[in-house]
Amino acid sequence: MAAISIIIPVYNVEPYVRRCLESVMSQGDAGASLECIIVDDCGQDGSMSIVRQIIEDYEGPIRFTIATHEHNRGLSAARNTGLAKASGDYVMFIDSDDYLTDGSMQYFIDMLGQHPGADMVMGNVRNCKDGSLLISGIEEPRLLDDPNVFFPDMLHHRIYLYAWNKLIRREVLTENGILFEEGILYEDQLWSYQLFKCLSSVLLLPKVTYVYENNASSIVNTTFTPEKASKALWSYALSCNKMLDSPPSVERYKRSPVVDYLLFMANSMTNGLYLHLSQPIDKEIWYEFRTARKRLLLRSMRYCRLTVATFMLLLFPPLSYLQKWRFFRHHYYDIELAVNIMAHITDFLHPHPMKASKEQI
């Protein structure tokens with residue numbers, strides 16, 4: 001019987017946390033040993049009072065544990081705390097304002113039984129606001145066991161980067177030291193990059209197993225202030241530097257992932273640049289961002305990917321001011337896709353790094 005650890009950070013989610021926990025409790029007959037680790041990240045509302053009352057009243061097979069921080073440390077730290085206390089073969093992260101659909105864990109377990117070698121199983125997600133799905137175009141479970149497929153899919157955002165609703169083999173995380181970077185915004189991007197580099201297989205499921213709540217007070221929905229914009233810019237710069245410091249290992253790929261890897265970082269740096277053009281940014285943080293931006297351009301040139309390096313000039317003045325033009329922002333992904341295609345056309349001009357050396361790209 002598979003053992004699964006469900007990790008739920010809790011911080012100021014009083015209107016939603018009961019629904020979240022009740023959705024977990026409804027999974028008790030999933031045919032697996034379930035533990036649920038709730039991490040109290042020291043919110044200011046009544047969320048944890050609700051949590052404790054629900055757990056006290058619960059009678060069922062799921063084991064509930066509460067881990068309490070001494071002070072608020074943020075989502076990344078809360079997830080890391082939960083992971084440190086997890087004992088299951090697999091872990092799943094759930095945001096406490098979202099919830100699982102009925103029978104979702106049974107579905108995960110059934111699919112894992114059919115594909116026991118899968119390192120990660122991803123269910124589909126429905127946005128409660130507009131009903132849209134995060135995984136489209138599949139009607140049957142699809143096992144991706146070739147990193148030449150699923151790693152570029154992640155870099156192109158064809159596989160969602162959010163940490164939640166993914167059943168992940170715990171040893172993949174622990175053996176590779178994969179944790180969430182604490183103190184940053186949009187931590188799922190860097191975490192997903194680090195995780196997908198280490199996965200051997202990914203199982204995509206068509207059925208909706210998770211409902212995403214469009215919480216108006218969540219990080220992604222709050223209005224940017226100069227302070228938050230500065231933190232976001234710092235987060236983009238730090239994530240870019242981390243990824244530049246740990247490029248993909250060439251031994252895993254028949255087709256060089258250089259182009260996709262570079263454009264993945266350029267995409268997030270472009271988001272940061274737009275914030276700089278719309279909000280006043282702390283001078284020291286702006287310097288860090290500029291340094292990361294320069295490193296990214298130089299890395300593109302070092303790899304002799306001139307098409308990508310030319311595209312990177314959009315991160316620098318005067319071309320960077322195109323970000324102020326809504327038409328440009330609306331078509332950015334189309335431009336990026338065209339650059340990606342053109343850059344890959346010239347792959348034959350660049351010897352595969354694996355043939356040139358056994359070093360990282």
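This is a predicted model: local features need pLDDT of at least 70, side-chain atom pairs count only at pLDDT 80 or more; totals for chains, interfaces and linings use all residues.
1. Residues are numbered from 1 along each chain as its sequence is written, and side-chain values use heavy atoms, leaving out hydrogens and water.

2. Overall, the chain has 14 helices and nine strands (DSSP runs numbered from the N terminus: H or I of at least four residues for helices, E of at least two for strands). Its C-alpha atoms fill a box of roughly 60 × 45 × 35 Å along the principal axes. Of the 361 residues, 53% are buried, meaning under 20% relative accessible area with a 1.4 Å probe, protein chains only.

3. Now for α9 (residues 258-278) and α13 (residues 332-345): they pack at about 160°, axes 10 Å apart (axes are lines fitted to C-alpha atoms over the stretch in contact, and angles run from 0 to 180 degrees between N-to-C directions). That makes α9 roughly antiparallel to α13, the label for angles over 145 degrees.

4. Who touches whom there? Val259, Asp260, Leu263, Ala266, Asn267 and Thr270 in α9 meet Tyr332, Tyr333, Glu336, Val339, Asn340, Ala343 and His344 in α13, with contact meaning heavy atoms within 4.5 Å.

5. Over at α1 (residues 17-25), the buried residues are Val17, Cys20, Leu21, Ser23, Val24 and Met25. These pack against β1 (3-10), β2 (33-40), α2 (47-57), β3 (63-68) and β5 (99-100).

Terms used
Angles under 35 degrees count as roughly parallel, over 145 as roughly antiparallel, 65 to 115 as roughly perpendicular and the rest as oblique. Buried means under 20% relative accessible area, exposed over 50%, partly exposed in between (1.4 Å probe, protein chains only).
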